[in-house]
Amino acid sequence: MSSHSIAERGYLPNEKFDDDGRVKRTGTWKSASAHIITAVIGSGVLSLAWCFAQLGWIAGTITLALFSVITMFTSILLTDCYRSPDPVTGKRNYTYMDAVKANLGTLQYKLCGIAQYGVLTGITIGYTTTTAISMAAINKSNCFHKHGHKADCSVHNNSFMVIFAVIQIILSQVPNFHKLSPLSVIAAIMSFTYSLIGIGLSIAKIIDEGIGETSITGRPIDKDFSGMEKMWKTFSALGDVAFAYSFCFVLIEIQDTLKSSPPENKQMKIATAIGITASTVFYMLCGVLGYAAFGNDAPGNFLTGFGFYDPFWLIDIANICIVIHLLGAYQVLAQPFFGFVENWSKKKWPQNKLITNEFSICGTDFNVFRLTWRTTYVIVTTIIAMIFPFFNDFVGLLGAGTFWPLSVYFPIELYMSQAKIRKYSFTWIWMQILSLACLIVSLVAAVGSTRGLITSVQSFEPFQSVS
């Protein structure tokens, strides 16, 4: 049955199709909130204590609050662009790129594709590294418990990356985003769990040892830490915070899972407010309490840098939760790219049966092209993760590359185009000022993270354990 004939029929509540002829969507603001929390509270939360150590109490708190407010604002703008030209009755845009194409034209569409899918690929590489570090941390924690804190418990991360890749190859055969809701709910629970454990361990450390050496401006300049090094670390910390709030580039895809009543944009605004508010509360707690616990010597990853040794079983549980969460988060971020390549291939080669034919094994749908392409993607990203297993600088570079184009520029331009904001009006001017300010922040964060990444590569010994 064609989508046209379905649309002409009119609808009854029990019908199986939406207004675009696709199978009726069943998502709610609750499932969308779970998707958002899964996408937002990722490995970024683990570096926030380190960020506070670089920025200090005042700049650290203000930076987190500003990124939260900006992300909330631009995300709410973007929710009205799921349908065009009207946010409630217009034609659906199934992806972020579709929304850009419908409102801003082909050139911007291509630039958005490069930015969006480049960033999604980079983040999946970062998640591979982070998961391997957490797996290795479980091994180290048990070793320290058995042999003492001074024991040599170093372990290579590459074998853990391979394990993660094998699991992702299996999970990647889930056909589309709409079937990921259970995985996202589990992943969201895991993200809350390990964040709470980190907060609890920080509080316990503060009670036991007192507040660490902190300051209003962060780590002080001394003979071992120059003013120039302070500047680079500060820039890199900005990138880490930006990465912690990266999710706009999958917002439209998440919104496309929602049922059409109440209107999708209203449901998505609720989900966005809940997801970002919950994330910010946890970020503040993790950053503030982590910095209070460790002071200016806060590790880059406060659950794997072994500022905590005991209770070892609780640290193991936290890292297991990180692994489970990132198994789901990887899919939430990779599925839009998978879908884009597969849809493009079907349009390019509609007669190729390897691309279009589906077959069933034990009640699960499989496709030869999907199996080959997604497996290849996981293998390639894993190999890159093995080559660049650096947590903080890689995370900072991803945040810098993500934040301005996908979380600020495109949402603002999309909204102004759809709402027909007049050029040089008050709204147009202050939105352009906001976009320019965020561009400057992204550029300095990119410079700091790139410099840190180059330094890490130069000093890196192959096959060493990285935490």
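Analyst: A salt bridge here is a side-chain nitrogen of Lys or Arg within 4 Å of a carboxyl oxygen of Asp or Glu. The model is predicted, so local features need pLDDT of at least 70 and side-chain atom pairs count only at pLDDT 80 or more, while totals for chains, interfaces and linings use all residues. Residues are numbered from 1 along each chain as its sequence is written, and side-chain values use heavy atoms, with hydrogens and water left out.

By this rule there are ten salt bridges. Asp18 pairs with Lys24, with 3.6 Å between the closest N and O atoms. Asp18 also meets Arg25 in a salt bridge, at 3.0 Å from N to O. For accessibility, buried means under 20% relative accessible area, exposed over 50%, and partly exposed in between (1.4 Å probe, protein chains only). Asp18 counts as buried because its relative accessibility is 2%, and Arg25 is buried at 5%. Lys24, at 29%, is partly exposed.

Another salt bridge joins Lys269 and Asp80, at 2.6 Å from N to O. Lys269 lies in helix α10 (residues 264-294) and Asp80 in the loop between α3 (48-79) and β1 (83-84), so this pair ties together parts that are 189 residues apart in sequence. Helices (H or I, at least four residues) and strands (E, at least two) are DSSP runs, numbered from the N terminus. Lys269 is partly exposed at 25%, and Asp80 is buried at 18%. Salt bridges with shared partners also link Asp18, Lys24, Arg25 and Asp256 into one network.
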